[in-house]
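Q: Please show me how to read this structure, one feature at a time.

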Amino acid sequence: MTDFTASCLDGETKTFLVSQPMGAIATTDPGAPAASTEDRIVEAALTCIARWGLSKTTIDDIAREAGTSRATAYRLFPGGKETIVDAVVGREIRQFFADLAVELSRHDDAEGLLVAGIGRSLRFLTTHPALRSVLAHEPGLLLPQVAFHRLGPVLDAAVGFAVPFLRPHVAPDAVPSVDARAAEVAEVLVRLVLSLALSPSEHVDPDDDASIQRVVRAHLLPALSP
């Protein structure tokens, strides 16, 4: 399990626990237990935000989509829409990092690790329906959370996640230290992913590993093993 700290859309810093794989809640396995009412409400909120955006989504919309009552939604999430949105953000972060950890653990070589990490991260950020909806129609709600001083908690948490995967691939004689070099490369990696997700480049295609590989070989591998 991993703690992930991030700035939510309301500007408040929250800590989420990475504990389950991607898709664990929205499962289609007929043998899996039925989703709880809380899970249905969170999934409904995600659907509504992707459909109408964050500002236009109401607690009534979420309850209707979840097939429950407004009163039940408030009983399970006393803070109303804000609490539900926090639950959505927490779930999506947990799922993303748990899924990414599984993917990265499959790669023993630095190049494969970096290509897989960048590719999976970019595909998640550029195809997530709710995230893309907010970014396209309500950028003022999202962009400030990854700009200037508010980027700090997101950057620190993502770097902390990446360092253990990068550390084995840093040259033993790295200066000033292996941990410092791993953190430095991790920060460049996270900033690169965020930049490409928010402002796509014609030179890097999230679905084309070869284009990602060129960036990795030119800029990231030399930093790990100068």
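**Reading the fold and its helix packing**

A: Contacts come first: of those in the chain with a separation of 6 or more, 65% are between residues 24 or more positions apart, where contact means heavy atoms within 4.5 Å. The model is predicted, so local features need pLDDT of at least 70 and side-chain atom pairs count only at pLDDT 80 or more, while totals for chains, interfaces and linings use all residues. Residues are numbered from 1 along each chain as its sequence is written, and side-chain values use heavy atoms, with hydrogens and water left out.

Q: How many helices and strands are in the chain?

A: Helices (H or I, at least four residues) and strands (E, at least two) are DSSP runs, numbered from the N terminus. The chain has ten helices and two strands. Along the sequence the pattern is β-β-α-α-α-α-α-α-α-α-α-α.

Q: What percentage of the residues of the chain count as buried?

A: Buried means under 20% relative accessible area, exposed over 50%, and partly exposed in between (1.4 Å probe, protein chains only). Of the 226 residues in the chain, 43% count as buried.

Q: What do the buried residues of α6 pack against?

A: The residues concerned are Ala130, Ser133, Val134 and Leu135. Their partners are α1, α7 (139–142) and α9 (178–198).

Q: How do I read a helix pair, and at what angle do the axes of α1 and α4 cross?

A: Two packed helices are described by the angle between their axes and the distance between the axes. Axes are lines fitted to C-alpha atoms, for helices over the stretch in contact, and angles run from 0 to 180 degrees between N-to-C directions. The axes of α1 and α4 come within 9 Å and cross at roughly 95°. That makes α1 roughly perpendicular to α4; angles under 35 degrees count as roughly parallel, over 145 as roughly antiparallel, 65 to 115 as roughly perpendicular and the rest as oblique. Ile41, Val42, Glu43, Ala45, Leu46 and Ile49 of α1 meet Ile84, Val85, Ala87, Val88, Arg91 and Glu92 of α4. By class, this contact has nine nonpolar, no polar and three charged residues. Here Ala, Val, Leu, Ile, Met, Phe, Trp, Tyr, Cys and Pro count as nonpolar, Asp, Glu, Lys and Arg as charged, and the others, Gly among them, as polar.

Q: What does Ile62 touch?

A: Ile62 is in helix α2 and counts as buried, at 2% relative accessibility. Leaving out residues up to four places away in sequence, Ile62 touches Ile41, Ala44, Ala45, Cys48, Thr57 and Ile84. Ile62 and Ile49 are 13 residues apart in sequence, and their C-alpha atoms are 9.1 Å apart.

Q: Is the crossing of α5 and α10 right-handed or left-handed?

A: A crossing is left-handed if the near helix is turned anticlockwise from the far one by less than a right angle, and right-handed if clockwise. The axes of α5 (residues 110–127) and α10 (residues 209–224) come within 9 Å and cross at roughly 125°, and the two helices are therefore oblique to each other. Their crossing is right-handed. Residues making this contact include Leu114, Ile118 and Arg123 of α5 and Ile212, Val216 and Leu220 of α10. The contact of α5 with α10 has nine nonpolar, two polar and four charged residues.

Q: At what angle do α5 and α9 pack?

A: The angle is about 35°, with the axes 9 Å apart, and α5 passes α9 in a right-handed crossing. Leu114, Ile118, Ser121, Leu122, Leu125 and Thr126 of α5 contact Leu189, Leu192, Val193, Leu196 and Ala197 of α9. These residues divide into nine nonpolar, two polar and no charged.

Q: Is the peptide bond from Val175 to Pro176 cis or trans?

A: The bond is cis, with omega near 5°. Pro176 lies in the loop between α8 (151–166) and α9.
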